[in-house]
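I keep these notebook entries as I look through one structure. Each entry records what I looked up and what I found.

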Amino acid sequence: MKRAKLDMFMSLSRQRSVQVLVFIGFIYVLMVGLEVPFVFKTGFSLVSKEGEGFANRHLNSKTFVLESEEDEEEKKAPNRPLDVPLRVGISNQSNSRPERRKIRELHTLLSNLIFDGSSVNMNSTDGFSGILKSAKEAFEVGKKFWEELELHKQEVVPVEKSNKTEECPHSISISGSEFQEKGRILVLPCGLTLGSHITVVGKPRKAHPEHDPKISLLKDGQFLMVSQFMMELQGLKTVDGEDPPRILHFNPRLRGDWSGKPVIEHNTCYRMQWGTAQRCDGWRSKDNEETVDGQIKCENWIRDNDENHSEQSKSSWWLNRLITGRTKKMSIDWPFPFSEEKLFVLTLSAGFEGYHINVDGRHVTSFPYRTGFALEDATGLWMNGDIDVDSVFAASLPATHPNFAPQRHLDMSNRWKAPPLLDQPVDMFIGILSAGNHFAERMAIRRSWMQHQLIRSSNVVARFFVALHARKEVNVELKKEAEFFGDIVIVPYMDHYDLVVLKTVAICEYGVRVISAKNIMKCDDDTFVRVDAVIKEVNKIPENRSLYIGNINYHHKPLRSGKWAVTYEEWPEEDYPSYANGPGYIVSSDIANFIVSEFDSHNLKLFKMEDVSMGMWVEKFNSSRPVEYVHSLKFSQSGCVDDYYSAHYQSPRQMICMWNKLQQLGKPRCCNMR
């Protein structure tokens with residue numbers, strides 16, 4: 001009996017349990033049904049509001065991977081507003097993989113560097129207020145440029161127009177008055193090509209008194225009679241504040257040279273550094289000297305009884321004069337190609353090996369091409385000095401310019417795209433300073449030392465840091481290049497020579513917050529880097545030590561006069577802090593982290609010389625934690641040296657040549673020095 005009652009009780013309990021479970025399940029389904037639409041509605045509303053805030057203004061970033069025609073298009077990353085700073089944590093505070101991946105997506109194309117001019121003292125008297133004002137203006141202009149780029153992206157461009165390259169005139173002719181009105185510059189929109197020639201009709205002015213002591217070490221009250229003019233083939237300015245490159249400097253000095261005799265000087269100025277001058281002082285080039293397209297470099301315009309002007313005849317002439325006090329009568333005249341107040345017709349032509357100058361139908365000088373420049377780089381003819389120009393005529397000009405049709409320089413192949421980033425810290429991040437119109441330089445680096453296995457495997461990461469250019473068409477092509485290759489970080493300010501330091505801050509920010517690199521290297525886009533040699537040099541320092549490696553200047557004094565002058569307001573001290581030359585140096589991540597933190601808190605002093613700024617920041621960091629300073633001349637400042645770690649002033653052709661030598665010989669070898 002008891003057994004039957006117990007069974008009946010258990011049966012009722014099971015029924016109640018089932019009913020309770022069914023009731024709970026019903027409540028759960030009801031709650032989920034009410035909650036899900038609310039969640040979706042809220043999520044979509046947030047997304048739409050953010051999308052409205054970013055639309056039509058800002059970059060639509062995406063992660064870059066190797067693609068083919070069959071590959072699916074990558075999903076686009078969320079947009080980031082340019083005018084709202086995204087402050088992410090330092091690398092040691094955001095080491096989670098999802099967080100780092102999100103940061104990388106945001107930094108794929110546009111740097112996170114934001115300059116908040118409203119939070120700093122623009123009226124300070126410590127010498128740094130000038131660069132702060134320039135930075136504020138540059139970021140304001142850069143914001144407008146970026147908005148223009150985004151609007152340009154949204155414009156519907158017909159296919160036939162989008163594929164059409166900029167066309168330039170085959171010939172240009174202007175009068176002297178037009179030439180004067182245009183600032184004494186003849187614009188050559190597409191540069192020159194083989195066979196191009198420019199004819200100038202002008203008249204040198206009469207000599208005038210010159211008191212400048214630079215002419216001939218003049219003392220107070222002294223003067224010289226001077227008549228000279230300059231004709232230059234110039235290239236596009238890379239950034240505001242920087243002189244344009246002087247591809248050919250032609251300087252006839254009728255009077256006013258230190259020699260006291262008429263002379264013609266030729267030279268080039270590459271990256272604001274003058275080369276070795278070629279002087280033609282009236283003696284014919286020697287027979288064993290190299291020629292240019294079969295033409296001698298300097299024609300003879302000093303005529304006497306010895307037509308050959310051998311060294312022996314010169315010595316005999318002076319010996320006879322010294323012994324006898326007199327010399328035989330000699331017929332000496334000075335048929336210098338230019339005379340004061342006399343009209344001349346000068347023709348400059350581009351040959352296979354160099355430039356040739358003819359005056360009044362007679363060959364006068366030839367100047368071989370210098371590495372670092374190409375014919376199409378010469379986008380302007382400039383004349384100045386003691387000369388009145390009557391007319392200028394240019395002919396046989398190219399129809400297109402590769403800077404505005406960069407596909408001639410860019411091999412749009414997946415082979416040159418940046419490899420995917422690792423979800424772990426890397427050994428080194430290399431930030432390469434570049435300019436908007438340096439398409440050829442970036443392509444040469446992609447095809448040379450960026451093909452090193454350490455970079456292709458993503459153990460070392462390299463990125464170009466470029467600010468916005470004054471010309472819209474350059475920015476348009478830059479953005480296309482960045483989107484395709486995935487190795488460009490655009491720093492959103494108007495490029496200026498004195499603000500290169502901001503790119504260095506952006507490199508540090510990217511290296512510690514995006515890449516989580518152990519060490520950060522900075523170099524220029526004309527620097528060839530031996531990646532394995534640099535890593536080996538860094539590994540000599542214990543991991544727990546802060547390091548600063550490069551070609552270090554100790555007790556270097558600022559120049560107080562001349563082109564590179566630094567005023568006492570800008571730098572009141574007599575010596576700079578110890579600093580590594582800008583073309584190539586390395587700092588450890590803790591130093592880079594310190595720089596970014598100081599910048600965020602508006603405590604970072606900015607100086608117009610980027611490498612001196614880094615020395616100043618490292619010195620401040622060194623006051624609280626010891627820094628290992630490592631000096632090596634193998635981080636070459638002025639070119640290429642044997643067994644180099646990095647080599648500066650290397651043209652795109654030299655880059656490819658040096659890489660080929662590394663691959664074929666297995667040893668670092670320089671290519672022809674300029």
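Entry 1: I began with β11 and β12, which pair in the antiparallel sense over 6 bridges. Two strands count as paired if DSSP finds at least two bridges between them. Helices (H or I, at least four residues) and strands (E, at least two) are DSSP runs, numbered from the N terminus. I noted that I357 stands opposite T365 in β12. I then looked up how far β12 is covered, and 6 of its 7 residues are buried. Buried means under 20% relative accessible area, exposed over 50%, and partly exposed in between, with a 1.4 Å probe and protein chains only.

**Entry 2: the model.** I remind myself that this is a predicted model, in which local features need pLDDT of at least 70 and side-chain atom pairs count only at pLDDT 80 or more, while totals for chains, interfaces and linings use all residues. Residues are numbered from 1 along each chain as its sequence is written, and side-chain values use heavy atoms, with hydrogens and water left out.

Entry 3: Most residues other than glycine have a negative phi. I therefore looked for exceptions, because most residues other than glycine have a negative phi. D360 has a positive phi of about 55° although it is not a glycine. I located D360 in the loop between β11 (354-359) and β12 (362-368); the hairpin of these strands has 2 residues between them. H555 also has a positive phi of about 55° and is not a glycine. H555 sits in the loop between β20 (546-553) and β21 (579-588). Is H555 buried or exposed? I found H555 exposed, with a relative accessible area of 63%.

**Entry 4: an open sheet.** I traced 7 strands that form an open sheet with mixed pairing, in the order β17-β16-β15-β18-β21-β20-β22. β17 (488-494) and β22 (627-631) stand at the edges with a single partner strand each, so one side of each has no neighbour in the sheet. The twist averages 20° from one strand to the next. Angles run from 0 to 180 degrees between N-to-C directions, and axes are lines fitted to C-alpha atoms, for helices over the stretch in contact. I counted 5 bridges joining β16 (residues 460-468) to β17, and these strands run parallel. V466 stands opposite I490 in β17.

**Entry 5: helices on the sheet.** Helix α9 (residues 472-485) packs on the sheet and touches β16 and β17, its direction making about 155° with that of β17. Contact means heavy atoms within 4.5 Å. Helix α10 (residues 500-513) lies across β15 (428-434), β16, β17, β18 (519-524) and β21, and runs at about 155° to β15.

**Entry 6: two helices.** The axes of α7 (residues 439-446) and α9 come within 12 Å and cross at roughly 15°. That makes α7 roughly parallel to α9; angles under 35 degrees count as roughly parallel, over 145 as roughly antiparallel, 65 to 115 as roughly perpendicular and the rest as oblique. Which residues make the contact? From α7 they are F439, R442, M443 and R446, and from α9 they are V474, E477, L478, E481 and F485.

**Entry 7: the whole chain.** The chain has 14 helices and 23 strands. Of its 674 residues, 48% count as buried.
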